[in-house]
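Me: Can you walk me through this one? I have not looked at it before.

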Amino acid sequence: MEPLLIQDVLKILPHRFPFVLVDRVLSAEGGEVHALKNVTVNEPFFPGHFPQEPVMPGVLIVEALAQASMFCLHGELEPGTIGYLAGVEGARFKRKVIPGDQLHLYAKLDFLRRGLGKTTCRAEVDGQVAAEATILFAVGKG
């Protein structure tokens with residue numbers, strides 16, 4: 001598949017600035033996704049999250065993974081369908097994510113049954129794991 005640029009991402013995700021946390025989807029095939037989040041010093045959370053040493057909050061890394069997870073279903077959902085975060089299991093944070101980092105988001109669909117799904121996810125920076133989590137979500141009409 002061709003990468004999905006931000007214009008395409010915005011057609012699929014209901015999120016908008018400052019809460020859209022996927023900038024590009026590099027691949028989304030066979031229930032697996034590789035997406036990107038470019039982390040810039042202009043992010044609205046940096047002035048208040050350790051201003052002397054800006055660090056992307058772990059909860060926002062998990063949210064970025066959850067948003068990327070929805071692309072595991074790319075092309076399979078009806079327009080207007082939204083994924084709602086239903087749970088997070090086993091979240092682990094292994095390295096800081098700071099301004100200038102490119103956060104690579106990986107998600108693999110484990111299952112989707114009766115509107116409930118689960119993905120195994122990891123976020124990497126420069127080939128190093130920054131975070132891992134299992135995302136549970138519910139699919140419904142927006």
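Me: Which residue in β5 is the bridge partner of F111?

Reply: F111 has K118 as its bridge partner in β5. Keep in mind that this is a predicted model.

Me: And on the other side, what does K118 stand opposite in β6?

Reply: In β6, K118 stands opposite L136.

Me: How many bridges do β4 and β5 have, and in which sense do they pair?

Reply: There are nine bridges between β4 and β5, and the pairing is antiparallel. Another pair there is Y106, whose bridge partner in β5 is R122.

Me: How many bridges join β5 to β6?

Reply: Ten, and β5 and β6 also run antiparallel.

Me: What holds paired strands together in general?

Reply: Backbone hydrogen bonds, in either a parallel or an antiparallel arrangement.

Me: OK, the turns. How many residues sit between β4 and β5 in their hairpin?

Reply: Two residues lie between β4 and β5, and R114 in that turn has a positive phi of about 50°. R114 is not a glycine.

Me: Is R114 buried or exposed?

Reply: R114 counts as exposed because its relative accessible area is 86%, and the cut-off for exposed is over 50%.

Me: What about the turn from β5 to β6?

Reply: That is a hairpin too, with two residues between β5 and β6. D126 in the turn has a positive phi of about 50°, and D126 is a residue other than glycine. D126 counts as exposed, at 69% relative accessibility.

Me: Zooming out, what is the strand order in the sheet?

Reply: The order is β1-β2-β4-β5-β6-β3, in an open sheet of six strands with antiparallel pairing.

Me: Which strands stand at the edges?

Reply: β1 and β3 (81–93) do. Each has a single partner strand, so one side of each has no neighbour in the sheet.

Me: By how many degrees are neighbouring strands turned against each other?

Reply: By 20° on average, with direction ignored.

Me: Change of topic: salt bridges. How many are there?

Reply: The count comes to six salt bridges. One of them joins the side chains of E78 and K141, at 3.3 Å from N to O.

Me: Where do E78 and K141 sit in the chain?

Reply: E78 is in the loop between α2 and β3, while K141 is in strand β6. They are 63 residues apart, and the pair links distant parts of the chain.

Me: Are those two buried or exposed?

Reply: E78 counts as exposed at 55% relative accessibility. K141 is exposed as well, with a relative accessible area of 52%.

Me: Which residue does D101 form a salt bridge with?

Reply: R95, with the closest N and O atoms 3.5 Å apart. D101 counts as buried at 11% relative accessibility, whereas R95 is partly exposed at 27%.

Me: What about the inside? Which residues of the largest nonpolar core touch the most other members?

Reply: V22, V25, M56, F71, L103 and L105, out of 37 residues in that core. β1 (24–29), β2, α2, β4 (102–113), β5 (116–125) and β6 (128–141) each supply at least two residues of the core. α2 gives the most, with seven residues.

Me: Take V22. What does it touch?

Reply: Leaving aside residues up to four places away in sequence, V22 has contacts that include I6, V9, L13, F71 and L105.

Me: Which residues does H49 touch, and how open is it?

Reply: Beyond residues up to four places away in sequence, H49 touches P54, V55, M56 and P57. H49 counts as partly exposed, at 24% relative accessibility.

Me: Last one: where is the cis peptide bond?

Reply: From F17 to P18, with omega near 5°. P18 is in the loop between α1 (6–12) and β1.

Notes
Residues are numbered from 1 along each chain as its sequence is written. This is a predicted model: local features need pLDDT of at least 70, side-chain atom pairs count only at pLDDT 80 or more; totals for chains, interfaces and linings use all residues. Side-chain values use heavy atoms; hydrogens and water are left out. Buried means under 20% relative accessible area, exposed over 50%, partly exposed in between (1.4 Å probe, protein chains only). Contact means heavy atoms within 4.5 Å. A nonpolar core is a set of buried Ala, Val, Leu, Ile, Met, Phe, Trp, Tyr and Cys residues joined through side-chain atoms within 4.5 Å. Helices (H or I, at least four residues) and strands (E, at least two) are DSSP runs, numbered from the N terminus. Two strands pair if DSSP finds at least two bridges between them. Axes are lines fitted to C-alpha atoms, for helices over the stretch in contact, and angles run from 0 to 180 degrees between N-to-C directions. A salt bridge is a side-chain nitrogen of Lys or Arg within 4 Å of a carboxyl oxygen of Asp or Glu.
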